[in-house]
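Here is a short briefing on one protein model.

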Amino acid sequence: MKIKTITCHDVYNAGASLQAYALVTYLRSLGHDAQVIDYKPDYLSGHFRLGGVGNPRYDKPLVRQAYLIAKLPGRLRARLGLRKKRYDEFRKGYLPLTKRYASFEELQADPPAADVYFAGSDQIWNTQFRNGRDPAFYLMFAPKESVRASYAASFAAPHADVQWAVQQSEWIASLDYVSVRESSGVEILRELGVEGRGVMDPVFLLPREAWARLATVPKTAKPYVLVYDFDGSAAVERTAKSLAEKHGWQIRSIGKCSYADCCDMAVGPREFLGLVAGAQCVLSNSFHATAFSLIFQRPFLTFDRKENLNARMRDLLILVGLENRREADEKIDWAAVQMRLDGKIAESKTFIDEVLKGKLR
(Lines give C-alpha, C1' and ligand atoms only; values in the text may rest on other atoms or scores of the structure.)
Protein backbone atom coordinates (compact mmCIF):
# COMPACT_ATOMS: atom_id res chain seq x y z
CA MET A 1 0.00 0.00 0.00
CA LYS A 2 1.23 3.50 -0.81
CA ILE A 3 1.18 5.84 2.19
CA LYS A 4 2.20 9.47 2.47
CA THR A 5 2.67 11.39 5.71
CA ILE A 6 2.83 15.14 6.17
CA THR A 7 4.23 16.99 9.18
CA CYS A 8 6.72 19.73 10.05
CA HIS A 9 9.69 17.46 9.33
CA ASP A 10 12.35 19.96 8.29
CA VAL A 11 12.43 22.74 10.88
CA TYR A 12 15.78 22.00 12.59
CA ASN A 13 14.16 20.74 15.76
CA ALA A 14 15.09 17.31 17.11
CA GLY A 15 11.59 16.35 18.19
CA ALA A 16 10.08 17.33 14.85
CA SER A 17 12.67 15.33 12.89
CA LEU A 18 12.43 12.26 15.11
CA GLN A 19 8.64 12.06 15.19
CA ALA A 20 8.57 12.31 11.39
CA TYR A 21 11.14 9.53 11.18
CA ALA A 22 9.26 7.38 13.67
CA LEU A 23 5.88 7.39 11.90
CA VAL A 24 7.23 6.69 8.42
CA THR A 25 9.64 4.05 9.77
CA TYR A 26 6.86 2.27 11.65
CA LEU A 27 4.62 2.26 8.55
CA ARG A 28 7.47 0.87 6.45
CA SER A 29 8.08 -1.82 9.09
CA LEU A 30 4.53 -3.02 8.37
CA GLY A 31 5.56 -3.60 4.76
CA HIS A 32 4.06 -0.47 3.21
CA ASP A 33 5.59 1.93 0.70
CA ALA A 34 5.59 4.97 2.96
CA GLN A 35 7.13 8.41 2.34
CA VAL A 36 7.15 11.81 4.00
CA ILE A 37 5.77 14.59 1.83
CA ASP A 38 8.61 17.10 1.52
CA TYR A 39 6.42 20.10 2.24
CA LYS A 40 8.44 23.22 2.93
CA PRO A 41 6.45 26.46 2.58
CA ASP A 42 8.26 29.74 3.15
CA TYR A 43 7.06 30.11 6.74
CA LEU A 44 8.80 26.84 7.69
CA SER A 45 12.08 27.98 6.17
CA GLY A 46 12.97 30.70 8.67
CA HIS A 47 15.64 28.95 10.73
CA PHE A 48 18.46 29.34 8.23
CA ARG A 49 16.82 31.60 5.65
CA LEU A 50 18.23 35.09 6.07
CA GLY A 51 14.83 36.77 5.69
CA GLY A 52 12.71 34.26 7.59
CA VAL A 53 10.63 34.92 10.73
CA GLY A 54 9.30 31.68 12.21
CA ASN A 55 7.71 33.10 15.38
CA PRO A 56 4.56 35.21 14.80
CA ARG A 57 5.43 37.41 17.80
CA TYR A 58 8.19 38.98 15.71
CA ASP A 59 6.43 39.00 12.34
CA LYS A 60 5.11 42.55 12.69
CA PRO A 61 6.05 45.91 11.12
CA LEU A 62 9.29 47.39 12.54
CA VAL A 63 9.65 44.46 14.95
CA ARG A 64 10.31 42.20 11.98
CA GLN A 65 13.11 44.42 10.66
CA ALA A 66 14.78 44.66 14.07
CA TYR A 67 14.47 40.90 14.52
CA LEU A 68 16.09 40.16 11.14
CA ILE A 69 18.98 42.55 11.77
CA ALA A 70 19.63 41.00 15.17
CA LYS A 71 19.51 37.47 13.73
CA LEU A 72 21.64 38.12 10.63
CA PRO A 73 25.18 37.50 12.02
CA GLY A 74 24.18 34.28 13.74
CA ARG A 75 22.29 33.02 10.70
CA LEU A 76 25.25 33.66 8.43
CA ARG A 77 27.43 31.56 10.72
CA ALA A 78 24.78 28.89 11.19
CA ARG A 79 24.27 28.32 7.46
CA LEU A 80 27.80 26.97 7.33
CA GLY A 81 27.73 25.29 10.73
CA LEU A 82 27.78 21.69 11.93
CA ARG A 83 24.28 21.79 13.45
CA LYS A 84 22.62 22.50 10.10
CA LYS A 85 24.81 19.89 8.44
CA ARG A 86 23.70 17.22 10.92
CA TYR A 87 20.03 17.99 10.41
CA ASP A 88 20.43 18.02 6.63
CA GLU A 89 22.27 14.69 6.76
CA PHE A 90 19.52 13.20 8.91
CA ARG A 91 16.80 14.40 6.56
CA LYS A 92 18.59 13.03 3.49
CA GLY A 93 19.74 9.81 5.09
CA TYR A 94 16.77 8.78 7.23
CA LEU A 95 13.60 10.34 5.81
CA PRO A 96 12.22 8.80 2.60
CA LEU A 97 10.93 11.95 0.90
CA THR A 98 8.75 12.84 -2.05
CA LYS A 99 9.69 15.69 -4.32
CA ARG A 100 9.62 19.09 -2.62
CA TYR A 101 6.48 21.22 -2.48
CA ALA A 102 6.81 24.90 -1.60
CA SER A 103 3.13 25.79 -1.19
CA PHE A 104 -0.33 24.35 -0.63
CA GLU A 105 -1.19 25.33 -4.19
CA GLU A 106 1.64 23.13 -5.51
CA LEU A 107 0.40 20.22 -3.40
CA GLN A 108 -3.16 20.72 -4.57
CA ALA A 109 -2.15 20.87 -8.22
CA ASP A 110 -0.02 17.72 -8.14
CA PRO A 111 -0.48 15.69 -4.95
CA PRO A 112 1.89 12.75 -4.45
CA ALA A 113 0.04 9.50 -5.18
CA ALA A 114 -1.07 7.43 -2.19
CA ASP A 115 -3.80 5.10 -1.02
CA VAL A 116 -3.64 6.53 2.50
CA TYR A 117 -2.49 9.92 3.77
CA PHE A 118 -1.55 10.63 7.40
CA ALA A 119 -1.32 14.17 8.77
CA GLY A 120 0.85 14.30 11.85
CA SER A 121 2.27 14.21 14.35
CA ASP A 122 3.46 17.11 16.50
CA GLN A 123 2.04 20.65 16.62
CA ILE A 124 0.59 20.67 13.12
CA TRP A 125 -2.77 22.01 14.39
CA ASN A 126 -1.34 24.69 16.69
CA THR A 127 -2.95 27.88 15.34
CA GLN A 128 -0.44 30.07 17.21
CA PHE A 129 1.76 29.20 14.24
CA ARG A 130 1.02 29.28 10.53
CA ASN A 131 1.14 25.52 10.11
CA GLY A 132 -2.02 25.28 12.25
CA ARG A 133 -3.76 27.57 9.77
CA ASP A 134 -2.48 25.78 6.67
CA PRO A 135 -4.99 23.49 4.87
CA ALA A 136 -2.10 21.23 3.84
CA PHE A 137 -1.85 19.89 7.41
CA TYR A 138 -5.53 18.91 7.26
CA LEU A 139 -4.95 16.96 4.02
CA MET A 140 -7.13 19.28 1.96
CA PHE A 141 -4.97 18.48 -1.07
CA ALA A 142 -5.56 14.71 -0.94
CA PRO A 143 -7.75 13.13 -3.66
CA LYS A 144 -11.29 12.36 -2.49
CA GLU A 145 -10.97 8.68 -3.32
CA SER A 146 -8.03 8.27 -0.92
CA VAL A 147 -8.17 7.52 2.81
CA ARG A 148 -7.25 10.56 4.93
CA ALA A 149 -6.32 10.33 8.59
CA SER A 150 -4.61 12.35 11.27
CA TYR A 151 -2.15 10.58 13.53
CA ALA A 152 -1.28 12.16 16.90
CA ALA A 153 -1.89 15.70 15.70
CA SER A 154 -1.40 18.27 18.47
CA PHE A 155 -3.13 21.58 19.17
CA ALA A 156 -0.54 22.23 21.95
CA ALA A 157 -3.22 24.16 23.85
CA PRO A 158 -5.89 23.42 26.47
CA HIS A 159 -8.79 24.80 24.40
CA ALA A 160 -9.80 25.48 20.83
CA ASP A 161 -8.71 28.77 19.27
CA VAL A 162 -11.98 30.70 18.94
CA GLN A 163 -10.68 32.66 15.95
CA TRP A 164 -10.02 29.46 14.00
CA ALA A 165 -12.58 27.09 15.51
CA VAL A 166 -15.05 27.16 12.62
CA GLN A 167 -12.37 26.60 9.98
CA GLN A 168 -10.57 23.91 11.98
CA SER A 169 -13.85 22.12 12.61
CA GLU A 170 -14.63 22.08 8.90
CA TRP A 171 -11.18 20.84 7.91
CA ILE A 172 -10.91 18.16 10.60
CA ALA A 173 -14.47 16.90 10.01
CA SER A 174 -13.52 16.25 6.38
CA LEU A 175 -10.97 13.61 7.44
CA ASP A 176 -11.96 9.94 7.40
CA TYR A 177 -10.18 9.14 10.68
CA VAL A 178 -9.09 11.50 13.42
CA SER A 179 -6.58 10.97 16.21
CA VAL A 180 -4.75 13.48 18.39
CA ARG A 181 -1.77 13.21 20.70
CA GLU A 182 -3.12 14.57 23.98
CA SER A 183 -6.22 13.89 26.06
CA SER A 184 -6.74 17.67 26.01
CA GLY A 185 -6.74 17.36 22.22
CA VAL A 186 -9.67 14.93 22.40
CA GLU A 187 -11.54 17.55 24.43
CA ILE A 188 -10.73 20.21 21.83
CA LEU A 189 -12.13 17.94 19.13
CA ARG A 190 -15.36 17.75 21.13
CA GLU A 191 -15.40 21.55 21.37
CA LEU A 192 -15.12 21.58 17.58
CA GLY A 193 -17.91 19.03 17.22
CA VAL A 194 -15.62 16.26 15.96
CA GLU A 195 -15.05 12.79 17.39
CA GLY A 196 -11.53 11.43 17.57
CA ARG A 197 -9.16 9.24 19.54
CA GLY A 198 -6.10 9.91 21.63
CA VAL A 199 -2.92 8.13 20.54
CA MET A 200 0.77 8.25 21.41
CA ASP A 201 3.37 10.42 19.74
CA PRO A 202 5.03 8.42 16.92
CA VAL A 203 8.35 8.20 18.78
CA PHE A 204 6.69 5.64 21.07
CA LEU A 205 5.87 3.38 18.11
CA LEU A 206 9.52 2.31 17.84
CA PRO A 207 11.24 0.23 20.56
CA ARG A 208 14.00 1.59 22.77
CA GLU A 209 16.54 -0.60 20.97
CA ALA A 210 15.79 1.08 17.63
CA TRP A 211 16.42 4.52 19.12
CA ALA A 212 19.59 3.33 20.85
CA ARG A 213 20.97 2.12 17.51
CA LEU A 214 20.25 5.50 15.95
CA ALA A 215 21.75 7.56 18.80
CA THR A 216 25.18 9.14 18.59
CA VAL A 217 26.67 8.68 22.06
CA PRO A 218 28.42 11.81 23.44
CA LYS A 219 32.12 11.61 24.17
CA THR A 220 32.41 12.16 27.89
CA ALA A 221 33.88 10.33 30.84
CA LYS A 222 31.95 12.37 33.41
CA PRO A 223 28.31 11.83 34.45
CA TYR A 224 26.09 14.81 33.64
CA VAL A 225 22.71 16.36 34.19
CA LEU A 226 21.31 17.41 30.82
CA VAL A 227 19.60 20.80 30.45
CA TYR A 228 17.33 21.49 27.46
CA ASP A 229 15.69 24.80 28.30
CA PHE A 230 13.91 27.02 25.77
CA ASP A 231 13.14 29.80 28.26
CA GLY A 232 16.21 30.38 30.42
CA SER A 233 14.17 29.08 33.35
CA ALA A 234 15.37 30.04 36.83
CA ALA A 235 13.81 26.84 38.18
CA VAL A 236 15.79 24.71 35.71
CA GLU A 237 19.00 26.53 36.69
CA ARG A 238 18.40 26.05 40.42
CA THR A 239 17.66 22.35 39.99
CA ALA A 240 20.64 21.73 37.70
CA LYS A 241 23.06 23.43 40.10
CA SER A 242 21.63 21.58 43.08
CA LEU A 243 21.95 18.18 41.38
CA ALA A 244 25.46 18.93 40.12
CA GLU A 245 26.61 19.93 43.59
CA LYS A 246 24.92 17.02 45.33
CA HIS A 247 26.13 14.27 42.99
CA GLY A 248 29.31 15.74 41.52
CA TRP A 249 27.82 15.78 38.04
CA GLN A 250 28.65 18.10 35.15
CA ILE A 251 25.92 20.35 33.84
CA ARG A 252 25.62 19.77 30.12
CA SER A 253 23.23 21.71 27.91
CA ILE A 254 21.75 21.47 24.46
CA GLY A 255 22.38 24.97 23.17
CA LYS A 256 23.78 28.00 24.92
CA CYS A 257 23.57 28.03 28.72
CA SER A 258 25.53 30.44 30.93
CA TYR A 259 25.90 28.10 33.91
CA ALA A 260 26.61 24.82 32.07
CA ASP A 261 30.02 23.17 32.17
CA CYS A 262 29.56 22.03 28.59
CA CYS A 263 27.28 23.51 25.92
CA ASP A 264 26.54 21.27 22.93
CA MET A 265 25.86 23.75 20.16
CA ALA A 266 25.83 21.44 17.13
CA VAL A 267 23.21 18.92 18.20
CA GLY A 268 21.34 17.12 15.44
CA PRO A 269 18.60 14.49 15.91
CA ARG A 270 21.04 11.62 16.52
CA GLU A 271 23.14 13.65 18.96
CA PHE A 272 19.96 14.66 20.80
CA LEU A 273 19.11 10.98 21.32
CA GLY A 274 22.61 10.22 22.59
CA LEU A 275 22.62 13.09 25.07
CA VAL A 276 19.26 12.08 26.56
CA ALA A 277 20.16 8.39 26.68
CA GLY A 278 23.46 9.09 28.45
CA ALA A 279 22.23 11.58 31.04
CA GLN A 280 21.99 10.91 34.76
CA CYS A 281 18.99 13.23 34.77
CA VAL A 282 17.20 15.33 32.13
CA LEU A 283 15.83 18.79 32.97
CA SER A 284 13.72 20.28 30.21
CA ASN A 285 10.61 22.13 29.10
CA SER A 286 10.52 20.05 25.93
CA PHE A 287 7.86 17.49 25.07
CA HIS A 288 10.25 15.25 23.17
CA ALA A 289 13.01 15.47 25.78
CA THR A 290 10.36 14.21 28.21
CA ALA A 291 9.24 11.51 25.76
CA PHE A 292 12.76 10.19 25.18
CA SER A 293 13.53 10.31 28.90
CA LEU A 294 10.61 7.91 29.28
CA ILE A 295 11.75 5.75 26.37
CA PHE A 296 15.34 5.50 27.66
CA GLN A 297 14.13 5.35 31.28
CA ARG A 298 16.28 8.27 32.41
CA PRO A 299 15.36 10.26 35.55
CA PHE A 300 13.88 13.62 34.54
CA LEU A 301 11.94 16.69 35.56
CA THR A 302 9.73 18.60 33.15
CA PHE A 303 9.16 22.35 33.61
CA ASP A 304 6.46 24.64 32.21
CA ARG A 305 7.09 26.82 29.18
CA LYS A 306 6.41 30.56 29.15
CA GLU A 307 4.42 30.12 25.95
CA ASN A 308 1.08 28.34 26.29
CA LEU A 309 2.45 24.96 25.17
CA ASN A 310 2.24 22.98 28.39
CA ALA A 311 -0.88 20.86 27.80
CA ARG A 312 1.04 18.31 25.71
CA MET A 313 3.68 17.73 28.42
CA ARG A 314 1.14 17.70 31.24
CA ASP A 315 -1.03 15.13 29.47
CA LEU A 316 1.94 12.84 28.86
CA LEU A 317 2.96 12.97 32.51
CA ILE A 318 -0.60 12.23 33.63
CA LEU A 319 -0.68 9.23 31.28
CA VAL A 320 2.41 7.67 32.89
CA GLY A 321 1.40 8.64 36.45
CA LEU A 322 4.22 11.12 37.02
CA GLU A 323 2.29 14.39 37.00
CA ASN A 324 2.96 15.06 40.69
CA ARG A 325 6.69 14.32 40.64
CA ARG A 326 8.59 17.31 42.04
CA GLU A 327 12.07 16.04 42.98
CA ALA A 328 14.67 14.88 40.47
CA ASP A 329 16.01 12.29 42.90
CA GLU A 330 12.59 10.80 43.56
CA LYS A 331 12.67 7.17 42.46
CA ILE A 332 10.59 6.27 39.39
CA ASP A 333 8.81 2.92 39.16
CA TRP A 334 9.84 2.25 35.58
CA ALA A 335 7.95 -1.05 35.40
CA ALA A 336 4.69 0.76 36.19
CA VAL A 337 5.50 3.55 33.73
CA GLN A 338 6.27 1.05 30.98
CA MET A 339 3.06 -0.87 31.62
CA ARG A 340 1.04 2.32 31.15
CA LEU A 341 2.98 3.18 28.00
CA ASP A 342 2.64 -0.30 26.53
CA GLY A 343 -1.13 -0.24 26.88
CA LYS A 344 -1.47 3.10 25.11
CA ILE A 345 1.09 2.17 22.44
CA ALA A 346 -0.92 -0.96 21.66
CA GLU A 347 -4.07 1.17 21.26
CA SER A 348 -2.17 3.53 18.96
CA LYS A 349 -0.96 0.70 16.74
CA THR A 350 -4.50 -0.67 16.63
CA PHE A 351 -5.73 2.72 15.40
CA ILE A 352 -3.18 2.67 12.58
CA ASP A 353 -4.13 -0.91 11.68
CA GLU A 354 -7.81 0.01 11.53
CA VAL A 355 -7.14 3.00 9.31
CA LEU A 356 -5.06 0.90 6.92
CA LYS A 357 -7.66 -1.85 6.84
CA GLY A 358 -10.55 0.59 6.49
CA LYS A 359 -12.44 -0.80 9.52
CA LEU A 360 -13.52 2.42 11.15
CA ARG A 361 -15.93 3.47 8.44
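Ala, Val, Leu, Ile, Met, Phe, Trp, Tyr, Cys and Pro count as nonpolar, Asp, Glu, Lys and Arg as charged, and the others, Gly among them, as polar. The model is predicted. By that scheme, the lining of the second largest pocket divides into 8 nonpolar, 4 polar and 9 charged residues.

**Second largest pocket**

- The volume of the second largest pocket is about 470 Å³.
- Its lining holds 21 residues, and those closest to the pocket centre are Leu301, Thr302, Phe303, Arg325 and Arg326.
- Two or more lining residues come from each of helix 8 (234-247), strand 12 (300-302) and helix 11 (311-319).
- Helix 8 gives the largest share of the lining, 5 residues.

**Helix 3 and helix 9**

- Helix 3 (residues 82-94) and helix 9 (residues 269-278) have axes that come within 8 Å and cross at roughly 105°.
- Angles of 65 to 115 degrees count as roughly perpendicular, so helix 3 is roughly perpendicular to helix 9.
- Helix 3 makes the contact through Arg86, Tyr87, Phe90 and Tyr94, and helix 9 through Pro269, Arg270 and Glu271.
- The residues of this contact are 4 nonpolar, no polar and 3 charged.

**Val116**

- Val116 sits in strand 4 (residues 116-119).
- Its relative accessible area is 2%, so Val116 is buried; the cut-off is under 20%.
- Beyond its neighbours within four places in sequence, Val116 contacts Met1, Lys2, Ile3, Lys4, Val147, Val355 and Leu356.
- Asn131 is 15 residues from Val116 along the chain, and their C-alpha atoms are separated by 21 Å.

Conventions: Residues numbered from 1 in each chain as written. Predicted model: local features only at pLDDT ≥ 70, side-chain atom pairs only at ≥ 80, totals over all residues. Heavy atoms only, no water. Axes fitted to C-alpha atoms, helices over the stretch in contact; angles between N-to-C directions. Helix = DSSP H or I, 4+ residues; strand = E, 2+ residues; numbered from the N terminus. Parallel < 35°, antiparallel > 145°, perpendicular 65-115°, else oblique. Contact = heavy atoms within 4.5 Å. Buried < 20%, exposed > 50% of the residue type's maximum accessible area, 1.4 Å probe, protein only. 1 Å grid on protein atoms, 1.4 Å probe; cavity = no way out; pocket = protein on both sides within 12 Å on 5 of 7 lines; lining within 4 Å. Points joined across faces, edges and corners; volume = space filled by probe spheres on them.
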